[in-house]
Structure formats: C-alpha cells, structure tokens
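Trainee: Could you show me how to read a ligand site in a model like this one?

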Amino acid sequence: MTETGETIETPPAIVAMLNQKGGVGKTTLTIHVAGGLADRGLDVLVVDLAPEGALTSILGYDEAYSDLDREVSLHELLLDPSRTGDVDDLVLEGAEFDLLPANERMVDRTGGELNGEPRARERLKMVLDELGAGYDVILVDNMPSINVLTDNTLVASDGVLIPAYAEALSVQGLDRLQKQIDSVREYFGAVRILGIVANRVEHNKQADAMLDQLHSEFEDGLGIPVFDVYKRVDLQRTIAAQERSIFAAEEIESDMAEVISEVASLVDNELVEKSQ
Ligand SMILES: Nc1ncnc2c1ncn2[C@@H]1O[C@H](COP(=O)(O)OP(=O)(O)O)[C@@H](O)[C@H]1O
Ligand SMILES: [Mg+2]
C-alpha cells in the first residue's frame with residue numbers, strides 16, 4: 001500500500017526457456033518448472049511463443065491452437081499489442097498454472113510479419129505488461145531458433161533458463177545463444193542466464209564426462225548453476241497422459257522432482273522474492 005492507499009502491484013518475474021536447438025526439453029521443462037513454481041504457492045502464467053504450439057497441444061488445448069475463427073489470438077496481439085486490453089478470454093485457466101496459448105496463425109507468419117516493424121522486438125513485453133499483471137512469475141516457451149520471436153522473449157525476460165543436452169555439439173551451440181543474449185542486452189539491458197538444465201541425461205560414462213564439463217565450464221567457470229535432469233519416461237508421461245506436471249501428477253512419484261524443485265526455487269529466490 002502506498003500513502004494514498006492504492007496497492008502497487010509488483011510486476012511478474014519473466015523467465016525464458018531458451019535454446020535454438022529443438023528436442024532439448026524446452027517444452028517439457030517449461031511445464032515441470034511451472035508446476036514446481038505453482039507448488040511453491042506462486043501464481044504462474046505459461047506463454048507458448050512457439051508457433052508450432054506443442055506446449056498448447058500437449059496440455060490439451062488443441063482446439064484453442066487451431067481456432068482460426070477467433071478474432072484475436074497471440075498472433076494479432078504481437079502485431080498490435082494495443083489490442084491486448086480488448087481481449088479477456090485468451091488466457092486459459094488451469095489447475096496448476098494458466099496458459100497464454102499459441103495459435104496456428106503464428107506458423108510461418110508472426111515472425112515474418114513482425115520483421116521490419118518498428119519496435120518489433122518489444123511486442124511480447126507490451127503484451128505481458130497487460131496480460132501478465134497479477135501473476136508472480138511468467139515462463140515463456142520458445143521455438144528452436146534465433147529470430148525476432150525469441151528476441152521478443154529475451155527483451156521481455158528477466159532471466160533465461162537453458163535446457164541443453166549433455167553432449168559436445170550442444171555445448172558448442174551455447175556460444176551462439178550467448179551471442180544472441182549479449183546482442184539483446186546491448187539494447188534492452190539486463191537479462192541474466194539463471195541456469196543451464198542438462199536434460200535427458202543418461203546413466204553412462206560419456207554422459208558423466210559431459211556433465212563434468214558442463215559443471216566445470218558454467219558453474220565453476222562462470223558461476224551459472226547447472227542442474228542435472230535425467231532421462232525419465234515419467235517426465236513425458238505425466239504430461240502426455242495427465243496434462244500436468246510431476247508436481248500434480250496422480251500415481252507417479254518422480255525422482256526428478258527434487259532437482260526441478262531446485263530450479264523453481266532458484267527462479268523464486270533470484271527473481272520473484274527480490275521484486276517483492
Ligand atoms: N528428461 C527427459 N526424460 C525423458 N524424455 C524427455 C525428457 N525431456 C524431454 N523429453 C522428451 O524429449 C522430447 C523433446 O522434448 P521437448 O520438451 O519437446 O523439447 P523442445 O521443446 O526443446 O523441442 C519429447 O518427446 C519429450 O517428452
Ligand atoms: Mg518445444
């Protein structure tokens with residue numbers, strides 16, 4: 001409360017799940033980390049900024065994704081954020097967290113239509129300034145690419161989580177991602193790499209060696225925490241069969257809950273609590 005009595009709402013912490021590689025677990029981890037944040041009692045919004053809409057679909061919202069009749073979807077909002085105040089039925093409410101769904105219109109269109117527009121990289125930020133009000137934290141899932149849409153995510157975000165494979169090629173790819181993050185920083189200021197999530201780790205010597213390399217390069221070398229999430233069919237199953245995270249799953253106890261809780265706790269401690 002301020003002296004005049006009105007409540008000042010703290011803006012949500014915005015976190016990007018980012019890697020230009022596909023199949024590293026961005027979508028899967030978005031759901032489980034969102035579940036972990038909700039489990040901590042936070043109000044969470046998940047944004048599906050990937051035009052293919054995998055996140056929207058696996059959470060059971062195929063209809064919202066392929067609804068071409070609705071006048072305003074995320075596509076229209078990104079092209080004209082001033083329309084955000086006029087839509088009140090776009091965000092879908094879920095038991096664990098809410099979802100701002102992707103729409104099929106975004107495929108092959110949103111990025112291209114945004115390119116060359118003024119303030120093309122600031123659109124998501126403008127949309128979330130309005131739609132995100134009232135949430136404690138927003139997680140943005142992304143397409144595997146470095147383009148105007150992922151730039152939008154970076155401009156809107158306070159922090160980035162990077163899911164990565166613990167294999168040599170993936171580690172090299174992190175250089176490009178770092179360059180993208182640096183280029184956005186130059187124009188839009190702080191966005192921090194919160195952590196690397198080594199994902200789908202297998203139990204063998206090669207994987208152990210890559211994990212060692214990731215931990216020494218990022219954690220010891222740069223002070224960026226690295227989390228080890230092992231390959232577990234339960235991480236797929238709770239989503240595919242129950243449309244929810246391991247934290248709300250029925251009859252599944254995942255041994256990965258602890259490490260994913262640590263990721264959620266990092267986001268909470270570094271971004272959410274500090275802003276309140
Ligand atoms: N830790 C994991 N254990 C087992 N399967 C996983 C794990 N993480 C992701 N997957 C599976 O790997 C595939 C790719 O993951 P996904 O989240 O779609 O990656 P991205 O969004 O980066 O393309 C999906 O089938 C997903 O269910
Ligand atoms: Mg994905």
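Mentor: A pocket is an open set of points on a 1 Å grid over the protein atoms alone, where a 1.4 Å probe fits and protein lies on both sides within 12 Å along at least five of seven lines; a molecule sits in it if more than half of its atoms lie within 2 Å of its grid points. Here, the space taken by ligand 1 is the largest pocket. This is a predicted model, in which local features need pLDDT of at least 70, side-chain atom pairs count only at pLDDT 80 or more, and totals for chains, interfaces and linings use all residues. Residues are numbered from 1 along each chain as written, chains are lettered from A and ligands numbered from 1 in written order, and side-chain values use heavy atoms, without hydrogens and water.

Trainee: Which residues come nearest to ligand 1?

Mentor: Counting a residue as near if one of its heavy atoms lies within 4 Å, there are 15 around ligand 1, of which Gly 23, Thr 28, Asn 199, Arg 232 and Gln 236 come nearest.

Trainee: Which polar side-chain atom lies 2.8 Å from a nitrogen atom of ligand 1?

Mentor: A polar contact pairs N or O atoms within 3.5 Å, and that one belongs to Asn 199. Oxygen atoms of ligand 1 lie 2.7 Å from a polar backbone atom of Gly 23 and 2.9 Å from a polar side-chain atom of Thr 27.

Trainee: Which element supplies the largest share of the shell?

Mentor: With helices (DSSP H or I, at least four residues) and strands (E, at least two) numbered from the N terminus, H1 gives three residues, the largest share, while S6, S7 and H10 also each supply at least two.

Notes:
A polar contact is a pair of N or O atoms within 3.5 Å; within protein, one must be able to donate a hydrogen and the other to accept it, and residues adjacent in sequence count only if both atoms are side-chain atoms. On a 1 Å grid over the protein atoms alone, a cavity is a set of points where a 1.4 Å probe fits but cannot get out, and a pocket is an open set with protein on both sides within 12 Å along at least five of seven lines; lining residues have an atom within 4 Å of a point.
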